[in-house]
Amino acid sequence: MSIVSLLGINVLNNPARFTDPYQFEITFECLEPLKEDLEWKLTYVGSSRSLEHDQELDSILVGPVPVGVNKFILTADAPSPELIPASELVSVTVILLSCSYREREFVRVGYYVNNEYDSEELRENPPSKVQVEHIVRNILAEKPRVTRFNIVWDNEEEEEYPPEELEEEEEDDKETVGDEEEEDEDEEVEEEDDEEEADEEAEEAEEVEEVEEVEEVDEADEEPEKK
């Protein structure tokens, strides 16, 4: 079970200019005290073809984290356009917001980002050189993609032995196996009895056939004598 649960994310400045900072209002719940801080990270995917163009816009530590519902605002600078391929500046990309505890990522939220020019003229006739000052971004905040990962938390590291319930389940399984073995033995005995009865019936049938044959022969011998 996750000790920290993400309750909601609100994108504050959207739509905005490409060069404007990003702002996210993040709400999460902590169920137990944490020994260390939470690390929140915002990453801009600069290219769909290579990870080399990804930019980490910001990474902050939040803590100490009190038990209960917490809220804060994450602000990060816009990506550097010179580190993004020119052919992918005006296009659809992805931005990732993730949270880790003790360098273990346990939740990641991805948003599609649509970058386009701010005028119809530039959209229909894009210039040969990208004009970053005329690019606006629109984060599809209504359709986030949330991925959760199972990690080891503070309290789980201290549990060196399995719960007692698991041991009880194993004992129940053994008893069930014993019962099944006894049932199998009973079935084998019944099958043997059935086979013996079938053999006896077959022998009796053979004896009856032999008697009938003998009677038929006797009758055949007697008929010529009458003539």
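A nonpolar core is a set of buried Ala, Val, Leu, Ile, Met, Phe, Trp, Tyr and Cys residues joined through side-chain atoms within 4.5 Å. Buried means under 20% relative accessible area, exposed over 50%, and partly exposed in between, with a 1.4 Å probe and protein chains only.

This is a predicted model, where local features need pLDDT of at least 70, side-chain atom pairs count only at pLDDT 80 or more, and totals for chains, interfaces and linings use all residues. Residues are numbered from 1 along each chain as its sequence is written, and side-chain values use heavy atoms, leaving out hydrogens and water.

**Stop 1: the core**

Select Leu 34, Leu 38, Trp 40, Leu 42 and Phe 106. Of the 39 residues in the largest nonpolar core, these touch the most other members. Now colour the strands (DSSP runs of E, at least two residues, numbered from the N terminus). Strand S8 (104-117) is among the elements that give two or more residues to this core. S8 gives the most, with 6 residues.

Zoom in on Phe 106. Its contacts (heavy atoms within 4.5 Å) include Val 4, Leu 38, Cys 99, Phe 149 and Trp 153, not counting residues up to four places away in sequence.

**Stop 2: the rings**

Rings of Phe, Tyr and Trp (its six-membered ring) pair if their centres lie within 6.5 Å; planes under 30 degrees apart count as stacked, over 60 as edge-to-face and the rest as tilted. By this rule there are 8 aromatic pairs.

Select Phe 18 and Tyr 44. Their centres are 6.4 Å apart and their planes stand at 90 degrees, so the pair is edge-to-face. Phe 18 lies in the loop between strands S2 (16-17) and S3 (22-30), and Tyr 44 in strand S4 (38-45), so the pair ties together parts 26 residues apart in sequence. Phe 18 is buried, at 1% relative accessible area. Tyr 44 is buried at 1%.

Next, Phe 28 and Trp 40. This pair is tilted, with 5.7 Å between centres and 45 degrees between planes. Phe 28 belongs to S3 and Trp 40 to S4, so the pair ties together parts 12 residues apart in sequence.

**Stop 3: the sheet**

Show S1, S3 and S6. Two strands pair if DSSP finds at least two bridges between them. These 3 strands form an open antiparallel sheet in the order S1-S3-S6. S1 and S6 stand at the edges with a single partner strand each, so one side of each has no neighbour in the sheet.

Finish between S3 and S6. They are joined by 9 bridges and run antiparallel. Pick Glu 29: its bridge partner in S6 is Val 69.

Definitions and conventions:
Helix = DSSP H or I, 4+ residues; strand = E, 2+ residues; numbered from the N terminus.
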